[in-house]
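Please open the model in the viewer and keep the side chains at hand for selection.

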Amino acid sequence: MASPAEAVAEKQVMVVAIDDSEHSTYALEWTLDHFFTPYASNHPFKLVLVHAKPTASSVVGLAGPGAAEVLPMVEADLKKIAARIIETARESCHSKSVHDVIVEVVEGDARNVLCEAVEKHHASILVVGSHGYGAIKRAVLGSVSDYCAHHAHCTVMIVKRPKIKH
């Protein structure tokens, strides 16, 4: 068991979901600005960025002739997209002087990947961007943020970009 001094030194973990959407980028930037940049190098949280990479078969589907030939190309594209997302997120962190970052790419459905990341890292906060879907679209498509808000075993912060008034 950790001594009281060690327990105080242990930082809470914040998991931030990242993908290639503007909503995700905004959520990461907002989180960095509000929870990391103001504290210089003494951040109150350990930062873990998680990207859920879809499986090639979930993108293509396995039906029809020629699917087997297409899967390797789709997988290669998904890996390139994941690498670009990770690089962009790292650049955002470094531009705000946040260098101590753990970055993970996990294959699977984002809802499950994020909830599992919370458990794996014993996170106290999960940050997800909001696409701002209406009730009907959410019911049809499902929402990663809604799912995580109900199933993640931590506080879930849904960051929504404010609408710009003209």
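Select Glu29, Asp33 and Lys96, which are linked in a network of salt bridges; a salt bridge is a side-chain nitrogen of Lys or Arg within 4 Å of a carboxyl oxygen of Asp or Glu. The model is predicted: local features need pLDDT of at least 70, side-chain atom pairs count only at pLDDT 80 or more, and totals for chains, interfaces and linings use all residues. Residues are numbered from 1 along each chain as its sequence is written, and side-chain values use heavy atoms, with hydrogens and water left out.

Lysine 96 lies in the loop between H4 and strand S3 (101–107) and aspartate 33 in helix H2, so the bridge ties together parts that are 63 residues apart in sequence. Helices (H or I, at least four residues) and strands (E, at least two) are DSSP runs, numbered from the N terminus. Aspartate 33 is partly exposed, at a relative accessible area of 35%; the classes are buried under 20%, exposed over 50% and partly exposed in between, with a 1.4 Å probe and protein chains only.

The structure holds 7 salt bridges. Next, select glutamate 22 and arginine 161, another such pair, at 3.8 Å from N to O. Glutamate 22 belongs to helix H2 and arginine 161 to the segment after strand S5 (155–159), 139 residues apart. Glutamate 22 is exposed at 61% relative accessibility, and arginine 161 is partly exposed at 41%.

Is glutamate 104 buried or exposed? Glutamate 104 counts as buried at 12% relative accessibility, whereas lysine 120 counts as exposed at 54%.

Aromatic rings come next. Select Trp30, Phe35 and Phe45, which ring pairs link into a cluster. Rings of Phe, Tyr and Trp (its six-membered ring) pair if their centres lie within 6.5 Å; planes under 30 degrees apart count as stacked, over 60 as edge-to-face and the rest as tilted. The whole structure has 2 aromatic pairs. In that of phenylalanine 35 and phenylalanine 45, the ring centres are 5.9 Å apart and the planes stand at 75°, so the arrangement is edge-to-face. Phenylalanine 35 lies in helix H2 (residues 22–35) and phenylalanine 45 in strand S2 (residues 45–53), so parts 10 residues apart in sequence are tied together. Phenylalanine 45 is buried, with a relative accessible area of 12%.

For the surface, select Val59, Val60, Val70 and Met73, which make a nonpolar patch of about 320 Å². Such patches consist of residues with over 30% relative accessible area and no salt bridge, nonpolar side chains (Val, Leu, Ile, Met, Phe, Trp, Tyr) being joined within 5 Å and like charges within 9 Å. Helix H3 (56–60) and helix H4 (67–95) each give two or more residues to the patch. Valine 59, in helix H3, is partly exposed at 48% relative accessibility.

Finally, turn to the cysteines. The structure holds 0 disulfides, a disulfide being a pair of cysteine sulfur atoms within 2.5 Å. For cysteine 115, the nearest cysteine sulfur is that of cysteine 148, 4.2 Å away. Cysteine 115 is buried at 12% relative accessibility, and cysteine 93 is buried at 1%.

How values were computed. Areas by Shrake-Rupley, 256 points an atom, 1.4 Å probe, with all protein chains shown as cover.
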